[in-house]
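Please look at the structure before reading on.

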Amino acid sequence: MNYETVIGLEIHAQALTQSKMFCACSIKFGSEPNSNICPVCTGQPGSLPVANKKAIELGIKAALALNCKIEPSSIFARKNYFYPDLPKGYQISQYDKPLATGGWVDIDVDGVTKRIGITRLHLEEDAGKLVHVGADRIMGAEESLVDYNRGGTPLMEIVSEPDIRSAREAAVYTETLANLLRYIEVCDAKMEEGSLRCDANVSLRPVGQKEFGTKTEVKNMNSFKAIEKALLSEEKRHEEVLEEGGKITQETRFYSEETNTTSGMRSKEEAHDYRYFPEPDLPPIEPDDKWIEEIRQSLGELPQKRRQRLIDQFGLNTESASILVYDKPLANFFEDTTKLYDKGAVVANWLTGEVTAYLKEKKKTIEELDLKPPQLAELLKLIDEGTLSGKLAKGVLVKVIETGKQVKDIVAESGAQISDQGELNKIIAEVIANNTKVVADYKGGKETALTFLVGQVMKLSKGRANPALANQLLKEALT
Amino acid sequence: MRIDVEHVAKLARLGLTDEEKKLFGPQLSAILGYAENLNQLSTGNVLPTSHAIPIKNVLREDKVIPCANVDDIMANAPDEADHMFRVPRIVE
């Protein structure tokens, strides 16, 4: 039988605040265990939570970017369960009245645009971190140690509609969301550090059937690639069970990258009964239009819009435009450079090629480099004027990045350029002697043959010849 | 109204003896029964009330204030190792 896969994702994105969701403790990553804790986030009797204004604003900002409706009144709720990483015996979350509802995001899956619905965005607090002793994970551990530093960290939970139809779409959706949240500066979205986490609800149904099949929830996917692999493996497992006439059990399953399989967690726990009820210590959040409008203004141009503008305005291809907009500082660098040098496609080629390769290799961001838009513009102008060949320019670029010196100084210092007419003429004579057929073609009227000959001059001079001068001297020599 | 005292005890992580179940079951049911008196009221025009006092948007600025008595909190840990709370095996 042919099956259709149905996936809905829950993304937990850590809001970029300094302090926790309901208390003034720091959320700094990598602090000493239990150094950022207080009576509120450890649930001491009598302590009272107060919501972090910035976290609410970041939640609203993300919701607006996801085309959600900001609810006129939302409330916090207690989600009750027992687990050692949860000191209060409940997590403060939002339940029937979330911060925002009903949005969408467009994703680009291998060239095809698809709209994924967003059910809701709500705010909640993170739990603490468990270190299991005697085993890598909870299964088989003899005991566990709890660090509450992360407990109370503000999270935005973004729930998608079950609109996703493949593992690939799920990975692309998550990456698109991560890029968007990073771009609008509400979350740094680092899956490997856990500031963006993803749980997936997966089910299969026979093609054409309307009702959903029984779903399983897959957890522990720590990269975009892992999401795709985990969901492919879970999809295959569902299919095998259904093909054999079996039934899928609704359960939570953990993905292991090592074995590329999911496994159920043996648990005697019956169906969850969280007994949600309104958090009495936190009054409702009722953002007025003025506040929402202020936050909307702070959004600026969203990445998908900017990408389209870069394509339209500068004639970039989709791929380079995408690379640029998903690194906001790089996109800003691009636009600043085009103000000084108007060939956008050339600037984009250098930024997405040489510069991005350098950044990846050195694990740096464009903002950390001494290279600034005026230098790149100057370099590109020197290529156009013929003072530098493309090959030499790459060397100069690396030197500018590494020394922070001016482009002109580096070109002068290197002495690499051959602009001496006598020396160039020697090389040209050799090229003419070695390429009699091409020379004859040129003299016979084939203008393009000159490009080949200039190329030979560049090659023979190991890229050091001044291309404009070589071009001119070559023409003279051939008349 | 009858209450599933075993389920409630399980959710609250309470181990009840058979005698306690017999004792608390009817008591809890009686409390629920009393609350059911509210069903006699007409609440068709009353919005669900999450908070009794009409206040909203009570917020704090995003400012870090380190806690002065972390050690007191740690002192409340039933067991401690490496400045972490030590808890027994979670999953059997």
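Helices (H or I, at least four residues) and strands (E, at least two) are DSSP runs, numbered from the N terminus. The model is predicted, local features need pLDDT of at least 70, side-chain atom pairs count only at pLDDT 80 or more, and totals for chains, interfaces and linings use all residues. Residues are numbered from 1 along each chain as its sequence is written, chains are lettered from A and ligands numbered from 1 in the order in which they are written, and side-chain values use heavy atoms, with hydrogens and water left out.

Q: In what order do the elements of chain B run from the N terminus on?
A: Chain B contains three helices and three strands. Read from the N terminus on, its elements follow the order α-α-β-α-β-β.

Q: What is the radius of gyration of chain B?
A: The radius of gyration is taken over C-alpha atoms, and the globule rule is 2.2 Å times the number of residues to the power 0.38. For 92 residues this rule gives 12 Å; chain B lies well over that value and is therefore more spread out than a compact globule, with a radius of gyration of 22 Å.

Q: What percentage of the residues in chain B is buried?
A: Buried means under 20% relative accessible area, exposed over 50%, and partly exposed in between (1.4 Å probe, protein chains only). The C-alpha trace of chain B spans about 55 × 45 × 20 Å along its principal axes. Of the 92 residues in this chain, the buried share is 18%.

Q: Is B:Ser29 buried or exposed?
A: B:Ser29 belongs to helix α2 of chain B. Its relative accessibility is 13%, so B:Ser29 counts as buried.

Q: How many Å apart in space are B:Ser29 and B:Arg89?
A: In sequence, B:Ser29 and B:Arg89 are 60 residues apart. In space, the separation from C-alpha to C-alpha is 35 Å.

Q: Which residues make a nonpolar surface patch in chain B?
A: Patches are made of residues with over 30% relative accessible area and no salt bridge; like charges are joined within 9 Å, nonpolar side chains (Val, Leu, Ile, Met, Phe, Trp, Tyr) within 5 Å. Accessible areas come from the Shrake-Rupley method with a 1.4 Å probe, and for residues only the protein chains shown count as cover. One member, B:Val58, is in the loop between α2 (18–35) and β1 (59–60) and is partly exposed at 38% relative accessible area. The patch of about 270 Å² is made by B:Ile53, B:Ile55 and B:Val58.

Q: Which residues form a negative surface patch?
A: Lys and Arg count as positive and Asp and Glu as negative, while His and the chain ends are not counted; the place of a charge is taken as NZ of Lys, CZ of Arg, CG of Asp or CD of Glu. B:Asp72 has its place in helix α3 (residues 70–75) of chain B. The negative patch is formed by B:Asp71, B:Asp72, B:Glu80 and B:Asp82.

Q: What is the phi of B:Asp82?
A: Most residues other than glycine have a negative phi. B:Asp82 lies in the loop between β2 (80–81) and β3 (84–88) of chain B, where it is exposed with a relative accessible area of 62%. Its phi is positive, near 50 degrees.

Q: Where is B:Asn57 found?
A: B:Asn57 is not a glycine, yet it has a positive phi of about 50 degrees. With a relative accessible area of 26%, B:Asn57 is partly exposed. It is found in chain B, in the loop between α2 and β1.

Q: Which residue meets B:Arg86 in a salt bridge?
A: A salt bridge is a side-chain nitrogen of Lys or Arg within 4 Å of a carboxyl oxygen of Asp or Glu. B:Arg86 is partly exposed at 31% relative accessibility. Its side chain meets, at 2.7 Å from N to O, that of B:Asp79.

Q: How many residues apart in sequence are the parts tied together by A:Glu185 and A:Lys328?
A: The side chains of A:Glu185 and A:Lys328 meet in a salt bridge of 3.8 Å, N to O. A:Glu185 lies in the loop between α2 (167–183) and β11 (196–206) of chain A and A:Lys328 in helix α7 (residues 328–338), so the pair ties together parts whose separation in sequence is 143 residues.
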